[in-house]
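Let's take a friendly tour of the aromatic side chains in this protein. Have the sequence and the 3D view at hand as you read.

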Amino acid sequence: MRTIVRLSPLIESEGESKVQEFLRTFKCSRDSDLEMFLHDRAIFYEKRDRARTYLIVDSDDEHDTIVAYISLAITHLTVCEDTPLSKTIRKRMDLHDNMTNAYLIGQLAKDDRVEEHIGHELIKMAINLIRPGFEMFGCRIICIDCKKPLIEFYKREGFFRISTEPVDGLYRMVCLI
């Protein structure tokens with residue numbers, strides 16, 4: 001059975017060292033940065049309230065397996081004047097001096113052992129995790145930073161590219177709730 005488990009309560013119930021050991025079972029050879037974040041940074045970010053990490057876990061009678069994970073945060077978004085975004089989208093973003101706040105899908109990754117294509121599911125999960133914040137506090141923008149090969153995938157998921165050039169090899173994309 002697949003469940004979503006937030007990192008903080010898991011640390012509280014199991015202890016940090018046991019959780020750290022569990023996180024190290026996650027492997028993502030396609031992108032070592034995604035693996036490294038979960039292994040080396042997720043607990044740090046969680047404890048300092050910089051991000052919330054959610055593990056998608058398969059459970060059976062014998063053990064739990066991390067299938068994927070999502071890390072979410074709040075970010076400050078600046079949209080350049082030469083953005084490829086339409087005027088309609090810019091207006092809906094309610095920018096002030098080309099800036100606004102946004103929910104950030106900071107990390108989104110699946111384990112090497114997962115053969116199925118679950119990217120669409122993970123995006124839906126991330127948006128569903130963000131939605132209560134939107135209902136309580138507002139902020140209608142979700143952003144994600146991605147490498148060039150993933151731009152088309154995120155476009156199909158409803159995201160728009162806001163920059164024409166990458167920053168540190170990543171393109172920033174946004175969608176509206």
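Rings of Phe, Tyr and Trp (its six-membered ring) count as a pair if their centres lie within 6.5 Å; planes under 30 degrees apart make a pair stacked, and over 60 degrees edge-to-face. With that in mind, a search of the whole structure, which is a predicted model, turns up six aromatic pairs.

Two of the pairs involve Tyr 69, and both are set out here.

| Pair | Centre to centre | Angle between planes | Arrangement |
|---|---|---|---|
| Phe 26 and Tyr 69 | 5.3 Å | 85 degrees | edge-to-face |
| Phe 37 and Tyr 69 | 6.3 Å | 5 degrees | stacked |

Tyr 69 has 0% relative accessibility, so it counts as buried. Phe 37 counts as buried too, because its relative accessibility is 8%, and the cut-off for buried is under 20%.

Now for the wider group. Phe 26, Phe 37 and Tyr 69 belong to one aromatic cluster together with Phe 44 and Tyr 45. Two arginines also meet rings of this cluster. The charged end of Arg 41 sits over the ring of Phe 44, 5.1 Å from the ring centre. Arg 50 lies over the face of Tyr 45, at 5.4 Å from that ring's centre.

Terms used. Residues numbered from 1 in each chain as written. Predicted model: local features only at pLDDT ≥ 70, side-chain atom pairs only at ≥ 80, totals over all residues. Heavy atoms only, no water. Buried < 20%, exposed > 50% of the residue type's maximum accessible area, 1.4 Å probe, protein only. Lys NZ or Arg CZ within 6 Å of the ring centre and 35° of its normal.
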